[in-house]
Amino acid sequence: MRKHAVFVHMMVLATGIFGCALDDVNVHEHDSSQTKTNTSEIVRHASIAIADIWARPGVEDGNTAIYMELTNVGDESEYLIGVGSEICAAVEIHQVRMQGDIMTMLPVSGDIELVPGEMVSFVPGDLHVMMIDLDADLAPKSHFVVELMFKISGPIVVDVMVSES
């Protein structure tokens, strides 16, 4: 199994409303001085709330996608500068777009700005994290971890549950 993390810079200006409000579930604070795995529905990392993180099932040597919501609950902009994983050969941020009647999926580059008070949604058919060349099968209800890299608050390792939907 490959044991390396790939960090990709990405850029997109995407906001929206999707999922649960911060008042509806437990929010767990994350001490950025240590890296740990989190399994709650919402993880708080500095001023960023990470919610509803999940992935589609995948097969060895194939690809899968990760979805989540990132909400900046602080007063200053933060930037998602990369995503890493040890269970695949590469990680890329993709954006699905319509070009005429054709749906395309293209990598995005640069940083994702997380504007105060706004949410960036990674959802099927739009912005998502693509994991390329998986080291093993990912079955429904299994878990793995990814590292989200933020420009100001640094990295956080989060638990991702594999789900059919």
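This report walks through a predicted model of one protein chain, from its overall build to a few individual residues.

**The overall build**

Let's start with the whole chain. Its secondary structure comes to zero helices and 12 strands, and reading along the sequence gives one β after another: β-β-β-β-β-β-β-β-β-β-β-β. The chain has 165 residues, and buried residues make up 44% of them. How do the parts of the chain meet? Take the contacts between residues at least 6 apart in sequence: 70% of these join residues at least 24 apart.

A predicted model comes with a confidence score. The mean pLDDT here is 80, and 76% of the residues reach 70 or more. Residues 1–40 are a stretch to treat with care: their pLDDT is below 50, although the model gives this stretch 108 contacts beyond near neighbours in sequence. Where pLDDT is low, the predicted coordinates should not be read in detail.

**A walk along strand β4**

Strand β4 covers residues 64–72, and T64 lies in it. Is T64 buried or exposed? T64 counts as buried because its relative accessibility is 4%, under the 20% cut-off. A polar atom of the T64 side chain lies 2.5 Å from the backbone oxygen of R56. Setting aside neighbours within four places in sequence, T64 is in contact with several residues, including P57, G58, V129, M130 and L138.

How many aromatic pairs does a search of the whole structure find? The search finds one. The partners are W54 and Y67, in a tilted arrangement with 4.7 Å from centre to centre and 40° between the planes. This pair links distant parts of the chain, 13 residues apart: W54 belongs to strand β3 (residues 48–55) and Y67 to strand β4. W54 is buried, at 15% relative accessible area, and Y67 is buried too, at 5%.

T71 is also placed in strand β4. Its relative accessible area is 16%, so T71 is buried. Which residues does T71 touch, not counting those up to four places away in sequence? They are S47, I48, A49, E118 and M119. For A49, the C-alpha to C-alpha distance to T71 is 5.1 Å, even though the two are 22 residues apart in sequence.

**A charge over a ring**

Elsewhere in the model, look for Y79 and K151. The charged end of K151 sits over the ring of Y79, 5.2 Å from the ring centre.

Most residues other than glycine have a negative phi. D133 is not a glycine, yet its phi is positive, about 60°. K141 is not a glycine either, and its phi is also positive, at about 75°. Where do they sit? D133 lies in strand β10 (residues 127–134), while K141 is found in the loop between β10 and β11 (143–150).

**Accessibility side by side**

Here are the relative accessible areas of the residues we have visited.

| Residue | Relative accessible area | Class |
|---|---|---|
| T64 | 4% | buried |
| Y67 | 5% | buried |
| W54 | 15% | buried |
| T71 | 16% | buried |
| D133 | 23% | partly exposed |
| K141 | 71% | exposed |

Why is D133 partly exposed rather than buried? K141 counts as exposed because its 71% is over 50%.

Terms used. Residues numbered from 1 in each chain as written. Heavy atoms only, no water. Helix = DSSP H or I, 4+ residues; strand = E, 2+ residues; numbered from the N terminus. Buried < 20%, exposed > 50% of the residue type's maximum accessible area, 1.4 Å probe, protein only. Contact = heavy atoms within 4.5 Å. Polar contact = N/O pair within 3.5 Å; in protein donor to acceptor, adjacent residues only side chain to side chain. Phe/Tyr/Trp six-rings, centres within 6.5 Å; stacked < 30°, edge-to-face > 60°. Lys NZ or Arg CZ within 6 Å of the ring centre and 35° of its normal. pLDDT = per-residue confidence, 0-100.
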